[in-house]
Amino acid sequence: MFTQTAIDVLCRNHADDVERLNQVLSTTGTGTLVPIPPHTYVGRVGSRQSDEPCVLLLGINPMYSERPEHQEVNIHLPQRCLAAYEESGDVEDLRALYEFQEGYFLREERNKRHFSKFGNWFGRHWFSEAYRQNGGGNAQNVLDKHVVEMDVLQYFSRTASIDGDCLLEAVRTDPALIAHWCLLEEVLQTVRPQWIQVHGKTCWKVMEALLMDGNGTKINPGDTTKTEIIVGKASVGNWSGPVLMHKFLGMSGPQKNTDKALIAKAWDSIRHTL
């Protein structure tokens, strides 16, 4: 079940948080945050098998969609659960939301297009046994067994267009992001990932300032800017481990399987030395 740290994030006044953060982050247009319940994490945190290695995948903020299936699980489900919990005080009223988040990667409502890119990448290079199950190419199984996903900013927007310096200042000073950062640190110490993988340059300054032991090292295993990465080491409480940061999987970052393979090879050669 959710920890108290997660419940504290879920039970904040989301409308007030979003109104304040939109001003603090100077969001506009499709980058404007939407006043709905936050995205805390997806993947198996409380229900993880202790012997299953995992990666913490860290993004900027979750994507808002008007698709009915998105509306049901990311708006209506948490609203129902939170309303019941606030009335009863019984944490069991949050169970449906908890089970959705823990089993997210097996759900039809998951963001298939986005997360399948990571499932296939991770399966080909790091978690081949899970990837081979049920005929092979099982990205969904890789994600369910080996990935927990969180974002630095827990509130949804249609596009991620946030200034990195503004985000760092907000994480340091805004009560909503401070509460969420506490949850991120708790999750890290609970699942103890083999590494943290950060996608999107907006997060790089936050990671270097708040988690990594000094600035990371920039390397480029390829011959284009798409394969630029930063590597380093992070420490939180009783956990420490390596960090890999790359650009979005798309036009500005690793898009082709060959780009991802170059990054994976470079990462494998360095992460055990960090």
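Two strands count as paired if DSSP finds at least two bridges between them; strands (E, at least two residues) and helices (H or I, at least four) are DSSP runs, numbered from the N terminus. The model toured here is predicted: local features need pLDDT of at least 70 and side-chain atom pairs count only at pLDDT 80 or more, whereas totals for chains, interfaces and linings use all residues. Residues are numbered from 1 along each chain as its sequence is written, and side-chain values use heavy atoms, with hydrogens and water left out.

The C-alpha trace spans about 55 × 45 × 40 Å along its principal axes. Of the 274 residues, 53% are buried, meaning under 20% relative accessible area with a 1.4 Å probe, protein chains only.

Next, select residues 229–236, strand β5. This strand is mostly covered, with six of its eight residues buried.

Then select residues 239–246, strand β6. The pairing of β5 with β6 is also antiparallel and runs over eight bridges. Ser235 has Ser240, in β6, as its bridge partner.

Finally, centre the view on the turn. Two residues lie between β5 and β6, which form a hairpin. Which residue in the turn has a positive phi? Gly237 does, at about 55 degrees.

Key
Buried means under 20% relative accessible area, exposed over 50%, partly exposed in between (1.4 Å probe, protein chains only).
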